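Have the sequence and the 3D view open side by side for this one. We will start with a single residue and then step back to the chain.

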Amino acid sequence: EGLWLSETLSTISAQTGFDVSQLENSLTSGQVVSKYLPDNDYTKLQNWEGLLFPNTYQIDIESNGEIILQTLVDELESRFENLTSANSIPNWIKSPTQFFTIASLIEAESKLDEDRPLVSSVIKNRLDDNMLLQIDATVLYSLQKRKSQVLLIDLQIDSPYNTYKYTSLPPTPISGFGERSMNAIMNTPENNYIYYLLTDINGKMTFTNNYEEFITLKNKAKEEGVIP
């Protein structure tokens, strides 16, 4: 969970011997299919972001790249359909792509399972208020760089994935995600939180709707070395 598509393909490559370029070609060849592809366009590699379910798989040694990738795609479809057969998607989410995108944001932002539904509520509240999501993980995805700290200059990147510039959700997920993040969306609580912050080295976050409180928490977290 949480890996970018490029990182996922590198991991598959390391474990199977297929070159990353071979796997990329397999994904965009039309031989791997998903009903959840944005615009039904399989030729754009970025459209496959978030559609490969992260899990441990037993793969036949004779399997080619297409079979391996289709296995991961089928697993996401199965998990999603099992989830939505028992409960309908919340009405604030308009499409499966939006659902997967929000799940990827929750995956990127949450360290503890108990915080996942609350992160989902902040995303919902900000979307409802037409606010910028301002999620650092989307900036890192735009840059395709893993860094411990996002700098002010990083926030200037002009990308539809940069949620410091654009108020809507990113056009696709920003990573793979697990069932816990999908379940969090289904259990999004009603509240007025629009800020969250890592406030404990163990991963616990604090949620608030008060900007002054958010700044106070941020300064304290910096002093205690919880955040850079």
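Predicted model: local features only at pLDDT ≥ 70, side-chain atom pairs only at ≥ 80, totals over all residues.

## A lysine and its neighbours

Leaving aside residues up to four places away in sequence, K124 touches W92, T188 and E190, where contact means heavy atoms within 4.5 Å. You will find K124 in helix α5, residues 116-128. Helices here are DSSP runs of H or I with at least four residues, strands are runs of E with at least two, and both are numbered from the N terminus. K124 counts as buried because its relative accessibility is 13%; buried means under 20% relative accessible area, exposed over 50%, and partly exposed in between, with a 1.4 Å probe and protein chains only.

Residues are numbered from 1 along each chain as its sequence is written, and side-chain values use heavy atoms, with hydrogens and water left out.

The pLDDT, the predictor's confidence in each residue from 0 to 100, averages 96 over the protein chain, and 100% of the residues score at least 70. Among the elements, α5 has the highest mean pLDDT (98), and helix α8, residues 211-223, the lowest (95).

## The whole chain

The protein chain holds eight helices and two strands. Read from the N terminus, their order is α-α-α-α-α-α-α-β-β-α. With a radius of gyration of 18 Å, close to the 17 Å that the globule rule gives for 228 residues, the chain is as compact as a globular protein of that length. That radius is taken over C-alpha atoms, and the rule is 2.2 Å times the number of residues to the power 0.38.

Along its principal axes, the C-alpha trace spans about 60 × 40 × 30 Å. Of the 228 residues, 46% count as buried. Take the contacts between residues at least 6 apart in sequence: 62% of them join residues at least 24 apart.

## Inside and outside

Which residues of helix α7 (residues 179-186) are buried? They are S181, M182, A184, I185 and M186. These buried residues pack against α3 (65-86), α4 (96-109) and α5.

N40 counts as exposed because its relative accessibility is 61%.
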